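Q: I have a structure open here and would like to talk through how it is put together. Could you take me through it piece by piece?

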Amino acid sequence: MFRFALGNLLSRPLRSALSILGLAVAIGGMVGLYSIAGGIDAMVSNTFKQIPGVLVQQRGAPLPLFSALPSAWGAEIRKIPGVGVVDPEVVSRVNLIDGETIISPPRFIVGLDMHHRLKLKRDIFRENIKAGRFLNDKDRATNHCLLSEVIAKQLKKTVGDTLSINRYEFEIVGIYNTGSMMLDVNILMDLDVVRSLVRMDADTICNFYVEPDGTRPAAEMEAQIEETFMGRDVDVWKPSALMELGLSGGTSATNILDALTGKKEPAPDASGLKKSNAKNDVEEKSPVEVRSAEDWSERFDEFSGDLDIFLSLMTTIGVVIAMLSIVNTMMMSVTERTTEFGILRANGWSKKNIVQLMTLESGLLGLIGGSIGTFIGWLGTLVVNMLWSDRLNLYAGPQLLLFSIVFSILIGIFGGMYPAWIAARMSPMESIRRG
Amino acid sequence: MIQINNITKTYQQGSSQTQVLRGISCEIPDGEFAFIVGPSGSGKSTLLYLMGALDAPTTGTILLDGQSVSAMSPAAADALRRKQLGFVFQSFNLIRNLSALDNVLVPFLPDGRQPEMQKQARELLSSIGLGDRLHHRPSQLSGGEQQRVAIARAILKQPRFVFADEPTGELDSTTGQKVFDLLRQLHQEQGTTIITVTHDERYIKATDRIIRIEDGKVLEG
């Protein structure tokens, strides 16, 4: 029956080809769309499996970029049993590189405290140095930086070259490549240098990277970190009078002079801000939260779950059109082959046999269209990844590819069912006489 | 034995009804070579198809070897057609995408192409002079060759009954005669009951049973 079904499709090559093409486009689009979510999942999983530590950051901050914590809290975290290394970090977005405004893809400067950083047993950046060297103690308060290979290629820079970040010149001492789009957007340098660049005082950091020492279950350690700061607040930050003057542009001397002569007024005092009485704010919650790799994965899963809904809607449109194309093709086939079905019934074929033949034909359309579409979609992800390697990371894994083909076969079968039912319910005598 | 008891067949077309058969009764004993004759529109093809379990009469019964065809379940009717009944049509009605060999094997396709059936189909086609046409498509065969393939399809299963609807209707007289020679050979060698609808009474022999119908009623037989 398989050869018979295949022969029937081949006997109407143009119509079959158009149906296959319609299905291939829909399935190819589906593979392409779902490879976006797949790429995010793969990137998150690949990134976090290389990071054994946890991040301690300000509660509610979606990313370390939006977090600010007192530097002094690091010393308290270090005393908690189970904590190995506590590395304070400062993160900021880069506005200008070599005079060019940076919008997309974004670039970040990450300040590392080398004294603590070098104590980490595992450091994804240090472990993935591709050229030059990692930062060390001698790089403190210097203009040395470390670029990702992606950024270096984009800027056509190598070790020993200089580049301008936010109008300050830096020397590249090393190039790393973690293979993760989440991390390869970073330019690493000394903590204090980043603070200077972003005008952040020495009492503030964005987050702490905490590496456990393995002597205690991670969950217990994480809970104690949060408990340690329970009831405390990240106070409203107020610069010292001198710093306030220093931060307002110009030199410190001119600022002081301006203040003394009354040309410059001090910044308004914001210390009168009232604490919120909102229920969620007054509940006993730590001002810090500890994010493990699993937490980050869950956050991304939430995001990719929302993305999946959108992708499903987009895919449904294509799939419905493809299915209608199959229904149309098979209905035309039924109309043309009325006599043939009568002959088959006269020769002992049951209604079930007719349905089997028709759904086999439409299933074959699904298989061929799905295979072509899946291949094109998969090829498309490779091409897109190659062309925009620093912006997109699409991933069409074996599960997605297999699902696409199976899904396409099901579309074919379901698309063929109604025409098959129409074909099967005809009276054999009427079918033969119509011919 | 085929026993037809007072059958009628009425078609409903919208609000109007057309009665094609109006109380037909007759018998065809086993091993007969029977002809159903009559003018166009007399209901002879309808009678043939009802006997072949391709449709059900509106009223009355048709018994094949004492078993009511109209009371059969669809599965039983399918099995009956697959194993015991063969059909030959005026327009040959071969499947255009299949070779001559595969057309002969059509009744057996749902169960797969068993090697034994393939061998028998080849031998059968060779025995009727189509040994060199096994892999030709219907469009590559002459009308006579196509009808011989259709007959081979009908008789490969060694049926008890063969129903032929105007089997020479689209053939010239020489080729038509060859087709009837083949049917008579089958009748003589295998004792198959053959029921043929025809306009052309040249092929009828004195020993054949004739059922003559007109306006849905039996005039003779």
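A: Gladly, and please keep in mind that this is a predicted model.

Q: What about H1(A), at what angle does it pack with H13(A)?

A: Helix H1 (residues 2-10) of chain A packs with helix H13 (residues 351-387) of chain A at an angle of about 60°, and their axes are 9 Å apart. That angle makes H1(A) oblique to H13(A), and the crossing in which H1(A) passes H13(A) is right-handed.

Q: Which residues meet there, on H1(A) and on H13(A)?

A: From H1(A) the contact takes in Phe2(A), Phe4(A), Ala5(A), Leu6(A), Asn8(A) and Leu9(A), and these meet Leu357(A), Leu360(A), Glu361(A), Leu364(A) and Leu365(A) in H13(A). By class, the residues of this contact divide into nine nonpolar, one polar and one charged.

Q: Stepping back a bit, how many helices and strands does chain A have?

A: The secondary structure of chain A comes to 15 helices and 14 strands. Of the 435 residues in chain A, 38% are buried, and among the contacts in chain A with a separation of 6 or more, 83% are between residues 24 or more positions apart.

Q: Changing topic, how many residues of chain B are in contact with chain A?

A: There are 21 residues of chain B in contact with 21 residues of chain A. On the side of chain B that touches chain A, helix H2 (residues 74-83) of chain B gives the most, with six residues.

Q: And by class, what is on that side of chain B?

A: The side of chain B that touches chain A has 12 nonpolar residues, three polar ones and six charged ones.

Q: Now the sheets in chain B: what is the strand order in the one with six strands?

A: That open sheet runs in the order E6-E7-E8-E3-E9-E10 (chain B), and its pairing is mixed. Strand E6 (85-88) and strand E10 (217-220) of chain B stand at the edges, each with a single partner strand, so one side of each is left without a neighbour in the sheet. From one strand to the next, the twist averages 20°.

Q: How do E7(B) and E8(B) pair, and over how many bridges?

A: Strand E7 (residues 161-165) and strand E8 (residues 193-198) of chain B pair in the parallel sense over five bridges, and Phe163(B) has Ile195(B) in E8(B) as its bridge partner. Helix H5 (residues 143-155) of chain B packs on this sheet, touching E6 and E7 of chain B, and its direction makes about 170° with that of E6(B).

Q: And the sheet of four strands in chain B, what does its order look like?

A: It is an open sheet with antiparallel pairing in the order E2-E1-E4-E5 (chain B), and its edge strands are E2 (16-28) and E5 (67-68) of chain B, each of which pairs on one side only. Strand E4 (residues 59-64) of chain B pairs with E5(B) in the antiparallel sense over two bridges, and Leu63(B) stands opposite Ser68(B) in E5(B).

Technical notes: Residues numbered from 1 in each chain as written. Chains lettered and ligands numbered in written order. Predicted model: local features only at pLDDT ≥ 70, side-chain atom pairs only at ≥ 80, totals over all residues. Axes fitted to C-alpha atoms, helices over the stretch in contact; angles between N-to-C directions. Parallel < 35°, antiparallel > 145°, perpendicular 65-115°, else oblique. Left-handed = near helix turned anticlockwise from the far one by under 90°. Contact = placed C-beta atoms within 7 Å. Nonpolar A, V, L, I, M, F, W, Y, C, P; charged D, E, K, R; others polar. Pairing = 2+ DSSP bridges. Buried ≥ 20, exposed ≤ 12 C-beta atoms within 10 Å, placed from the backbone.
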